[in-house]
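Here are some friendly notes to read alongside the model. Please keep the sequence and the 3D view open as you go through the points.

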Amino acid sequence: MAQALEKNSVVAVIGSGAMGSGIAQVAAVAGHTVRLFDTRPEAVERAIAGIVKALARLVEKGRMGAAEADLARERLHAMRTLDEAKDAALVVEAVVEDLDVKRALFADLEGVVGPDCILATNTSSISVTAIGATLKRPERLVGMHFFNPVPLMALVEVISGVATDKAVADTVHATASAWGKNPVHAKSTPGFIVNRVARPYYAEALRLLLEQAADPATIDAVMRDCGGFRMGPFELMDLIGHDVNYSVTQSVFNAYYGDPRFAPSVVQQELVNAGFLGRKTGRGFYRYGDDVAMPQAQAEPAQQGAAQATLGGADPVTHALNARLRAAEGAATIFLTDGRSATQRALDEARPDTILFDLLLDPAKATRIALARADQCSDAAWNAAVGLFQQAGFTVSRLDDVPGMAVMRTVAMLANEALDAVNQGVCSTAAVDIAMQKGVNYPRGPLAWADAVGLRHVFTVLANLGATYGEDRYRVSPLLRRKLAANPEGARIHA
């Protein structure tokens with residue numbers, strides 16, 4: 001088992017922006033002497049001052065002792081030249097995302113550091129293999145991708161390029177763990193784990209908006225209140241910035257040679273073209289300002305009288321929901337979405353009063369539910385179904401009848417992309433779930449979620465989406481097919 005770097009070893013951090021200063025803080029708190037460098041000496045001084053303030057806030061909140069904060073501060077040192085990194089055991093680069101800049105920096109560092117020094121890049125999007133290609137010893141270069149804000153976010157993606165020595169990656173993994181992080185190994189491929197697997201969270205929401213399933217506020221509320229996500233996709237894209245989010249999507253799309261799974265959205269392109277980049281410009285999907293009220297999610301009006309409907313299906317989600325509803329037989333038949341529209345299912349099964357509900361993270365605790373009605377469904381059946389859920393304490397939001405609804409199609413696509421990442425050797429099943437929970441705060445790892453929903457149901461959702469749209473975007477991962485072929489009834493990803 002690989003050992004972490006000794007605490008008395010020196011860590012050098014190149015670049016004193018938000019990421020570099022965050023990495024420096026974490027390393028210093030972990031016990032290392034840290035040397036921080038930037039081409040602008042005043043930027044280093046500002047960064048160290050910012051770290052000192054951050055440590056003081058931790059002391060004030062009781063999360064760190066005063067003595068521990070003082071020791072961490074004493075371990076922080078400004079470097080005036082790269083030569084001062086000569087005794088470093090680890091150098092972490094956190095400079096601008098530019099391949100030529102990074103290559104030039106590491107070439108300079110190779111002439112400074114000792115033969116056993118590990119070189120790490122904090123790149124979020126550039127191939128580690130490409131960065132190391134011009135080095136004399138590319139085997140000692142590894143990706144060490146932290147997430148912002150570094151002191152708070154637990155994930156570190158440890159990225160191995162084609163030439164990276166396994167022992168180097170294992171040492172960095174152990175070191176990140178010793179620093180209190182949750183590291184995961186990944187292969188250097190476009191997007192690594194998080195920026196690849198997360199694409200459907202944005203892409204499916206943008207597709208839903210394009211197809212007028214609901215307005216952004218309603219879709220965001222459904223993803224939060226039904227799916228348990230900390231932020232809805234539209235408010236999250238506004239926070240990230242549409243220029244940044246759109247650029248990452250384009251980068252991954254191009255890197256995978258136009259794979260339709262990663263296709264950018266014309267909806268987001270138009271926001272970028274208009275300069276509506278989100279919070280930083282005061283307008284994105286939402287408007288921002290002191291006197292601007294955020295729009296409210298759609299909610300069905302309260303229904304009075306008998307609320308009878310039949311809850312169909314034998315899946316785990318329906319079973320859990322049925323315990324809360326105690327539904328009585330009625331004209332409407334309500335099913336968990338299987339990737340077909342309600343209208344198509346009503347036709348296929350000769351049930352005109354068909355209503356679908358979206359996936360719930362926790363049916364017992366959810367405060368909102370999303371429903372969609374078949375075009376054939378009567379108003380009486382719809383009102384009875386709405387009343388049934390309202391009596392059980394749900395706010396009911398209506399989505400237009402789009403295949404797969406919101407949470408289900410998103411979770412199915414997240415799980416499908418995660419399975420492809422595992423199938424292609426990018427990471428392990430455990431790593432992808434850790435990465436998505438610790439890197440982007442998903443309420444459940446996508447593969448654990450697929451297990452909870454049932455792999456057969458996830459397969460059915462994807463197959464029905466593919467049949468409806470006729471797009472390769474919804475192709476089923478070979479690994480999912482393999483799991484189901486090996487165990488048609490009881491297939492699971494995690495044992």
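1. Rings of Phe, Tyr and Trp (its six-membered ring) pair if their centres lie within 6.5 Å; planes under 30 degrees apart count as stacked, over 60 as edge-to-face and the rest as tilted. By that rule, the structure holds ten aromatic pairs.

2. Before the details, note that this is a predicted model, where local features need pLDDT of at least 70, side-chain atom pairs count only at pLDDT 80 or more, and totals for chains, interfaces and linings use all residues. Residues are numbered from 1 along each chain as its sequence is written, and side-chain values use heavy atoms, leaving out hydrogens and water.

3. Look at phenylalanine 146 and tryptophan 179: the ring centres are 6.5 Å apart and the planes lie at 20°, so this pair is stacked. Phenylalanine 146 is buried at 2% relative accessible area, and tryptophan 179 is buried too, at 8% (buried means under 20% relative accessible area, exposed over 50%, partly exposed in between, with a 1.4 Å probe and protein chains only).

4. How are the planes of phenylalanine 229 and tyrosine 442 arranged? They meet at 90° with ring centres 5.2 Å apart, so the pair is edge-to-face. Both phenylalanine 229 and tyrosine 442 are buried. Ring pairs also join Phe229 and Tyr442 with Tyr201, Tyr202 and Trp449 in a cluster.

5. Finally, find two arginines. The charged end of arginine 324 sits over the ring of phenylalanine 394, 3.7 Å from its centre (this needs NZ of Lys or CZ of Arg within 6 Å of the ring centre and within 35 degrees of the ring normal). Arginine 345 lies over the face of phenylalanine 335, 3.8 Å from the ring centre.
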